[in-house]
Amino acid sequence: MNKPFAITLNVGSSLANKTGSWRSFRPVYVNRLPPCNNACPAGEDTQGWLFHAESGDYEAAWRHLTEANPMPAVMGRVCYHPCEGACNRGQLDSAVGINSVERFLGDEAIKQGWKFAAPAAETGKRILVVGAGPSGLSAAYQLRRMGHQVVIFEAGPLAGGMMRFGIPKYRLPREVLDAEVQRILDMGVEMRLNTKVEDLLKTMKDEKFDAAFLAVGAHIAKRTAIPAAESAKILDAVSVLRSMEGEDKPMLGRRVVVYGGGNTAIDVARTAKRLGAEEAIIVYRRTRDKMPAHDFEVEEALQEGVMMRWLSTIKQVGEGAIQVEKMELDENGKPVPTGEFDTLEADSVILALGQDVDLGLLNGVPDLSFEDGVVKVGDNMMTGYPGIFAGGDMVPSDRTVTVGVGHGKLAARHISAWLAGTTYVKPPKKELATFEKLNTWYYTDADKTVRPMLDIIRRQSTFDEVQGGLNEDNALFEARRCLSCGNCFECDNCYGVCPDNAVIKLGPGKKFEFNYDYCKGCGVCVEECPCGAIKMEAEAS
């Protein structure tokens, strides 16, 4: 009788391969922390929602994503995606386009009309949120999910905070922002526009709020003492960008100079070009590599015709012209004046030197601590006054939409625990899934999908969105580029390579386990696991 070339034995089918007492190490399955998750300021389970997206279940992916972040269509446009900077795939070919898949899911949710579920039960607690920017909206969303009544007081006429009044329409279309804000309100969150909190403690007492989360944005432009003629036109970047939301657009003239080097400076210079300025020049006292603006935004601005004057500072503003002093780097790389001056023609000068927060609502609140114009909070995000929490631009941190969303989520957890008389404790951090723990031979080469860009002519003359999104085909492709770092995705490698048939397959979605009666501890499974989801550990003595 002819016999097959190989026979696969079921686990335990041969008593001969039972392990004796000599094994010193055993393999164990682990769940490591993916670097994308670790780098996300909003605390998204990036790998978790990508898993659903790569199977084509976009609604499941969106619902998993929005457990941490209620505004993926916004975030997919304005986040600077630190997750991609940390992505292990970047060391293989190029990082997974996490941000572009997030945007696709957010846009798909708007198109399909997906809604958030109502809270399972009401707690009866009433919470004030001050500010309808990213941090305030995030906190309101999370607190409402927990069953609390939430009321947002917003001083401005529209919701969104700096997402609306600081980010131009060519980066964030307003219909996208409005749709994601409305979805939060549809959960039962109350919004009061044009309602500025003047006296926080009085407001809390009068309206019977049990706690408050303060998320006032940094809307006050910083100034600097520059000698200027009386007729000189000096504006601030925040006011210029804010005025773009009204009917009357700012009159900047044909030649516009922007003073500063951050993302706001880039945004206002690009806005000036779209308003018809023939020249938009950014004056910055350091070199390009020291510019706080993100490099891809600098590059886009240069493409659109914005000019840059590195190592320069404005010394005087006159009528129709400014005096600029050239700088040079000393031996420590610090810019120092040279005494050499240039004159630049300028119809207006726009200052983009940073922003401060209006803390007037905290007058009369005892036991608060301040530092550099912001409120100090504890690890639980509570100020020195019990029941008053703060986040976003109001506390010491990076001022980005993603950080604000993360603050809102974390504060909501601490607020809910405080109201219940308990303490929220973060789960312990897992071991990081580093590139060295992967076996990348398993993965197919696949270059990152490049998002489409609007043509240069329309970028210079309209406020149409500059960067396009992915379609269903390339979003699916991009999601499937994920390496699933540190977490089993059931590739069956360990099951197939085990020489002792000691791996038990538990079924779809249930992964695997080891039968240690038969495992010899050879470590082949660890060597052949593509995603680093198995490790060897010493046998207990």
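Five strands make up an open sheet, in the order S4-S3-S2-S5-S18, and their pairing is parallel. The model on screen is a predicted one.

Select the edges of the sheet next. These are strand S4 (190-192) and strand S18 (388-390), and each of them pairs on one side only. Direction ignored, neighbouring strands in this sheet are turned by 20° against each other on average.

Which residue in S5 is the bridge partner of Ile-127? The partner is Ala-211.

Select helix H7 (residues 134-145), which lies across S2, strand S3 (149-153), S4 and S5. H7 runs at about 165° to S3. Select helix H14 (residues 401-419) as well: H14 packs on the sheet and touches S2, S5 and S18. The direction of H14 makes about 165° with that of S5.

The last stop is a pair of helices. Select helix H6 (residues 98-112) and helix H9 (residues 174-185), whose axes come within 11 Å and cross at roughly 70°. Angles of 65 to 115 degrees count as roughly perpendicular, so H6 is roughly perpendicular to H9.

Show the side chains where the two helices meet. On the H6 side are Gly-106, Ala-109 and Ile-110; on the H9 side they meet Val-176, Ala-179, Glu-180 and Arg-183. Sorted by class, this contact of H6 with H9 has four nonpolar residues, one polar residue and two charged residues.

Technical notes. Residues numbered from 1 in each chain as written. Predicted model: local features only at pLDDT ≥ 70, side-chain atom pairs only at ≥ 80, totals over all residues. Heavy atoms only, no water. Axes fitted to C-alpha atoms, helices over the stretch in contact; angles between N-to-C directions. Helix = DSSP H or I, 4+ residues; strand = E, 2+ residues; numbered from the N terminus. Parallel < 35°, antiparallel > 145°, perpendicular 65-115°, else oblique. Contact = heavy atoms within 4.5 Å. Nonpolar A, V, L, I, M, F, W, Y, C, P; charged D, E, K, R; others polar. Pairing = 2+ DSSP bridges.
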